[in-house]
Amino acid sequence: MIKELIMIANRLDELGLTKEANIIDDIVSKNMNKLAELVGDQHKIDANKDGEITAEDFEMLQENSAAYGKKSCPKCGAENDADAAVCHNCGHLF
Ligand SMILES: [Zn+2]
């Protein structure tokens, strides 16, 4: 998706439509930030550090949390108190 947008932006640049190209550049860079954030959060969830988010990671997170009287958010993986009603990180309702 982003690759295609960059291609369109480059094509618009070639055609001299720099204003239009800049708008697409802006959209791309905003979405790049979103992607980077997503990857950053996934790092936290990757409990066994194998670079992939799998069911094993969620099991490990749940085991770790149970040992400290905490529970991990099923949505973002953040640790919350066992009696928390809402995730302090993403606001997910337990
Ligand atoms: Zn959460």
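**A close look at the first helix**

Tutor: Of the 94 residues in the chain, 6% count as buried, where buried asks for 20 or more other C-beta atoms within 10 Å of a residue's own, exposed for 12 or fewer, and partly exposed falls in between, with C-beta atoms placed from the backbone. This is a predicted model, in which local features need pLDDT of at least 70 and side-chain atom pairs count only at pLDDT 80 or more, while totals for chains, interfaces and linings use all residues. Residues are numbered from 1 along each chain as its sequence is written.

The chain holds three helices and two strands, in the order α-α-α-β-β from the N terminus. Helices (H or I, at least four residues) and strands (E, at least two) are DSSP runs, numbered from the N terminus.

Now to your helix. Helix α1 covers residues 2–14, which makes 13 residues. From its first C-alpha to its last it reaches 18 Å, close to the 18 Å expected at 1.5 Å a residue; that expected span is 1.5 Å times one less than the number of residues. Just after α1, Gly16 takes a positive phi of about 85°.

Within helix α1 you will find Ile6. Ile6 counts as partly exposed because it has 14 C-beta neighbours inside 10 Å. Ser29 is 23 residues away from Ile6 along the chain, and their C-alpha atoms are separated by 9.9 Å.

How far can you trust the picture? The mean pLDDT of the chain is 83, and 85% of its residues reach 70 or more; pLDDT is the predictor's confidence in each residue, from 0 to 100. Confidence is lowest in helix α3 (residues 55–67), at a mean of 75, and highest in strand β2 (residues 79–81), at 90. Where pLDDT is low, the predicted coordinates should not be read in detail.
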